[in-house]
Amino acid sequence: MPPKPQESIPVIGDRLREATPPSTVDHTETAVQAQGDCAYVNRVFESDEKSSEMDLHPPQQMKVNPTTKSKVIDFDDLLPYIGEFGLFQKILFLCMIPFAFFVSFVYFSQIFITLVPEEHWCLAPELKHLDLQTRLRLSVPKVNVDDGGFVYSKCLMYDVNYTEILETGISEPDPTWPVTSCRHGWEYNFTDIPYETAATQFNWVCENAALPTIAQSIFFLGAIAGGLIFGWVADRFGRVPALVSCNMMGFLAGVATAYVRNFWEFSLCRFLVGFAFDNCFTMMYILVLEYVGPKWRTFVANMSIAIFFTMGSCALPWIAYFLEDWKMFIIVTSAPLCLSILTPFIVPESARWLVSQGKIESAIRILKKFEKVNGTEVSPQIYKDFEDSCAKVQEEESKTEAYSVLDLFRTPRLRKITVLLVIIWMAISLVFDGHVRNVGSLGLDIFFTFTVAAATEFPADTLLTLTLDRWGRRWLACGTMVFSGVFSLLATVVPVGVYSATLAILGRFSVNISYNIGLQYAAELLPTVVRAQGIAFIHIMGYVASIIAPFVVYLANISVSLPLVVLGILGIIGGMLSLFLPETLNHELPQTLADGEDFGRGQRIWDFPCCNKKIDEADQQIEHFKRASVSSVRTRSVRGSTRGEIRSSLIQRSSVRSRNTMTSP
């Protein structure tokens, strides 16, 4: 799972609306209804200023007379005239496919280059000419197991003169022979893992068994550093340069991994590959979402991950299986990232970023290309209105008060919410990554099990899309996390194999849903003025938790059940903590710090959106004006999913200035 972005899509719109007199605003909520071919409409992206006529008659399907429409002041106001999901946007949507594959390759490839076969033993060079069973009988002591049987030790061998034993014709070992650790390396049974891996080539087993785990944690350290670096690049030089540079970094470091000679060279390469993690897809993700109309963003946001990312994840183990060479595998999965160098010739720069940099004419030139490909016709006056509004935004931004993430900890209720969000997101991140990496301990073929577990992303994404705006965030987050924990714990009390693997995969399915809820929930609870920085902070803390996840999975070397026990307990704790957060569904979301401190007052822990009587439009309109008069800040009422926008709000791993905060969903 990709996981998931920090930059906001409607940056310009938020500031523009703040500069617009309240009298021009229609505060009445619009019910979410199926439109066109998309039955799931995300109203959060739609402009408040659009008239009902525009909703009923998309401008690209009729000749538009600007004098009869609301004045275009926002990027989202402009998109319906150009085409919300025309030919150009469909081409961009398909262009997401390779980048979705790239992020799955970067994220999961290390699992398949550090696999260790279940059976391995100390190598005795003097006995290499004998058959396997004779070698094992003479050189490796037996170790009792829980079921009363025995296995050959993986890390010990008899400390005897094997040449002398062969000369004397001894065919059975003496239990009193002294033992020692492996002196000459190991030999491996490649039946379950049909190829040599980096772990077997460099003998990262026994006393060195923790080295692949350490390397995986170093990968996540690279992800944190890369997010900060490429976040700065994206803000300073643009989204396309950041997208190309992070993918090229992943390409170079990934290919270099095939030529390492020791653990430290391997770790350095994985650290640099970590720079590309997440950014190699989400930069493209944000670019596409910025150019897609409001009612299509939920589809694009969800389906790009549910379909493309899932396809890449499911294909990965079989690439490793059929290549049967870890070096060729890492080259084959890293080399395609260099195709990103073609991106500037296909994908336009972010028009919203160009506007934020004062390059309004460049942004309009890009939009005119969209207009031409989509076969629409936009009046020059509309572009003129848009340009004038952008100029007003830049003037207003100079007067905006700056906020930082520290402001989230200055007042008691907002501090409690922030701390809870951090703990819950860390639990979700650790449980998710733990399930991803624990597939090798489930007692089944790792290639098949990984494929099935990865495929759960599609139904999880689909189910969430259908239920999130009916059941709310709090109880759905709690339920899915608790179910994940329960399934994980149940997997430890059933026989290892099909039953334990099935329950563990159900745990993975549940935490997939929790992960996606968590992305949205944090962005809805944090005030607009500090939302982007708050999400960046919470997301980085999730990476810190992911650093620990490989060590949780490493507990399987002590007991196969231990990782699932830890993941189960963390899942239940994280789920129960979710109940102490306010529900956001059908509530105006906080914009100022004062709004954030007051948000959720009066809510009860047992409140459930499905059972609550909805506020009628008149009461809600009155509530909205009261709220506006107290805070002196325009906010928008929202019903409907914000999932696509929230994911897009996480794109950069940098501290984003408060003017780049996301529009309240």
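This is a predicted model: local features need pLDDT of at least 70, side-chain atom pairs count only at pLDDT 80 or more; totals for chains, interfaces and linings use all residues.
Trainee: How many helices and strands does the protein have?

Mentor: The secondary structure comes to 27 helices and 6 strands, where helices (H or I, at least four residues) and strands (E, at least two) are DSSP runs numbered from the N terminus.

Trainee: And what share of the residues counts as buried?

Mentor: Of the 665 residues, 59% count as buried, a word that stands for under 20% relative accessible area, with exposed meaning over 50% and partly exposed in between (1.4 Å probe, protein chains only). The accessible surface of the protein comes to about 26,400 Å², and 62% of that belongs to carbon and sulfur atoms; such areas come from the Shrake-Rupley method with a 1.4 Å probe, and for residues only the protein chains shown count as cover.

Trainee: Which residues form a nonpolar patch on the surface?

Mentor: L339, I341, L342, F345 and I346 do, with about 550 Å² of accessible area together. Patches are made of residues with over 30% relative accessible area and no salt bridge, joining like charges within 9 Å and nonpolar side chains (Val, Leu, Ile, Met, Phe, Trp, Tyr) within 5 Å. One of the five, L342, sits in the loop between α13 (326-334) and α14 (343-346), and L342 counts as partly exposed because its relative accessibility is 46%.

Trainee: Switching to aromatics, how many pairs are there?

Mentor: The count comes to 40 aromatic pairs, where rings of Phe, Tyr and Trp (its six-membered ring) pair if their centres lie within 6.5 Å, and planes under 30 degrees apart count as stacked, over 60 as edge-to-face and the rest as tilted. F85 and W296 make a stacked pair, because their ring centres are 4.7 Å apart and their planes stand at 20 degrees.

Trainee: Where do F85 and W296 lie?

Mentor: F85 is in the loop between α3 (75-82) and α4 (87-113), whereas W296 is in helix α12 (residues 294-323), so the pair ties together parts that are 211 residues apart in sequence. F85 counts as buried at 14% relative accessibility, and W296 is buried too, with a relative accessible area of 15%. F202 and W204 are also a stacked pair, with 5.4 Å from centre to centre and 25 degrees between the planes.

Trainee: Which residue lies over the face of F237?

Mentor: R236 does, at 5.1 Å from the ring centre, and K368 lies over the face of Y383 at 5.4 Å from the ring centre. A charge sits over a ring if NZ of Lys or CZ of Arg is within 6 Å of the ring centre and within 35 degrees of the ring normal.

Trainee: What about salt bridges, how many does a search of the whole structure find?

Mentor: The search finds 11, a salt bridge being a side-chain nitrogen of Lys or Arg within 4 Å of a carboxyl oxygen of Asp or Glu. In one of them R183 pairs with D159, and the closest N and O atoms are 2.6 Å apart. R183 lies in the loop between β5 (179-181) and β6 (186-188) and D159 in the loop between β4 (156-158) and α6 (162-168), so this pair ties together parts that are 24 residues apart in sequence.

Trainee: One last thing, which residues does T418 touch?

Mentor: T418, which is placed in helix α18 (residues 412-437), touches L408, F409 and L526, not counting residues up to four places away in sequence, and contact here means heavy atoms within 4.5 Å. T418 counts as buried because its relative accessibility is 0%.

Methods:
Residues are numbered from 1 along each chain as its sequence is written. Side-chain values use heavy atoms; hydrogens and water are left out.
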